[in-house]
Amino acid sequence: MKTEAKVIADSVSLDGARLTTLQVCFPRFILAEVNTHRMLSRNFRSSRAVPVAKLIEEVRTSPFLPSQFTRNQAGMQGGEALSGDQLARAKQAWREAAEIAAYYAELLADAGVHKQYANRGLEPYLYVHGVISATDWENFFNLRCHKDAQPEFQELAFLIREALTASTPKLMEYGEWHLPYVFDHERETCGLEQLRRLSAARCAWVSYTPFEPGDEHNYIKANRTFDKLMSTPMHASPMEHVAVPEGPFEGRAPGNFTGWAQWRHELEQRHG
């Protein structure tokens with residue numbers, strides 16, 4: 001695995017507000033830092049949702065290994081990159097730690113421990129898959145496309161910025177919806193309520209696996225997922241990626257998007 005960022009839905013309103021959704025993959029150990037950015041609506045693969053055996057296999061076959069190890073010094077930024085024998089020792093120590101984590105996760109699983117505990121020790125050596133949507137990126141890029149940011153976070157931020165630069169947003173009229181993972185042929189054949197359900201469910205699937213082409217035809221599976229999201233208590237974060245441009249006289253909608261109203265807030269009002 002490697003750090004990746006690709007645009008899966010890119011929309012711009014008549015007022016010029018751009019909303020972009022990306023599918024991302026990056027080292028899980030920077031996830032807490034990514035989540036400090038409140039302008040991001042996001043869903044990520046959960047250690048509570050993936051079988052222990054699958055994550056153990058990932059750690060043993062394609063673990064996250066830092067691209068460089070920097071010299072220890074005071075402050076939050078490392079010094080010069082290690083080389084030679086020191087670098088070799090650091091890489092070996094990291095790989096051995098990953099193998100030890102996999103070994104003990106296997107022992108916990110064999111003892112009958114649930115994955116919400118057994119998987120936790122694997123997290124530093126895993127990549128995480130996710131979906132991110134946002135309208136406002138300036139502060140994110142100022143902080144993370146910067147030499148003082150964690151190197152792995154710098155890489156992710158630069159990839160997101162490159163993906164946004166290369167993408168051309170689709171103009172959305174008032175009343176048209178930003179629908180990640182919904183395809184043109186579905187827009188032509190399905191009603192709006194079904195389209196929104198499909199989009200939210202497919203964003204939610206990232207909790208255990210990224211959405212892959214071919215899944216779009218399994219509407220029964222998507223509807224079942226959406227019904228689970230709407231059960232008590234409501235799991236509403238996947239509905240944040242589904243949004244509609246705010247009309248010129250509607251005022252500021254709740255949420256973390258500029259110029260777009262998230263379906264989440266409509267559902268929360270509707271269902272109390």
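This is a predicted model: local features need pLDDT of at least 70, side-chain atom pairs count only at pLDDT 80 or more; totals for chains, interfaces and linings use all residues.

Author: Residues are numbered from 1 along each chain as its sequence is written, and side-chain values use heavy atoms, with hydrogens and water left out.

Reader: Why is S167 called buried?

Author: Buried means under 20% relative accessible area, exposed means over 50%, and partly exposed lies in between (1.4 Å probe, protein chains only). S167 has 19% relative accessibility, so it counts as buried. S167 lies in the loop between α6 (151–166) and β5 (170–172); helices (H or I, at least four residues) and strands (E, at least two) are DSSP runs numbered from the N terminus.

Reader: With which residues is S167 in contact, leaving aside its neighbours within four places in sequence?

Author: Contact means heavy atoms within 4.5 Å. With those neighbours left aside, S167 is in contact with V7, D10 and R18.

Reader: What makes the pair E80 and R71 a salt bridge?

Author: A salt bridge is a side-chain nitrogen of Lys or Arg within 4 Å of a carboxyl oxygen of Asp or Glu. For E80 and R71 the N to O distance is 3.2 Å, and the side chains meet in a salt bridge. E80 is exposed, with a relative accessible area of 53%, whereas R71 counts as partly exposed at 31%.

Reader: How do you know that E266 forms a salt bridge with R196, and what does the pair tie together?

Author: The closest N and O atoms of E266 and R196 are 3.7 Å apart, and the pair forms a salt bridge. E266 lies in helix α10 and R196 in helix α8, so the pair ties together parts that are 70 residues apart in sequence. E266 is partly exposed, with a relative accessible area of 32%, and R196 is buried, at 6%.

Reader: How many salt bridges does this rule give, and where does R28 lie?

Author: The count comes to 17 salt bridges. One of them joins R28 and E123, whose closest N and O atoms are 3.3 Å apart. R28 lies in the loop between β2 (18–27) and α1 (31–34), and E123 in the loop between α4 (115–118) and β4 (127–134), so this pair ties together parts that are 95 residues apart in sequence. Both R28 and E123 are buried.

Reader: Why are the buried residues of α9 placed on the same side?

Author: In helix α9 (residues 219–229), A222, T225, F226 and L229 are buried. They cover an arc of only 100 degrees around the axis, which puts them on the same side of α9; the arc is that of the directions from the helix axis to the C-beta atoms. On the other side of α9, I220 and K228 are exposed. The cover over the buried residues of α9 includes α8 (192–204) and α10 (263–271).

Reader: What gives the most to the lining of the largest pocket?

Author: Helix α9 gives the most, with five residues. By class, the lining has eight nonpolar, six polar and five charged residues, where Ala, Val, Leu, Ile, Met, Phe, Trp, Tyr, Cys and Pro count as nonpolar, Asp, Glu, Lys and Arg as charged, and the others, Gly among them, as polar.
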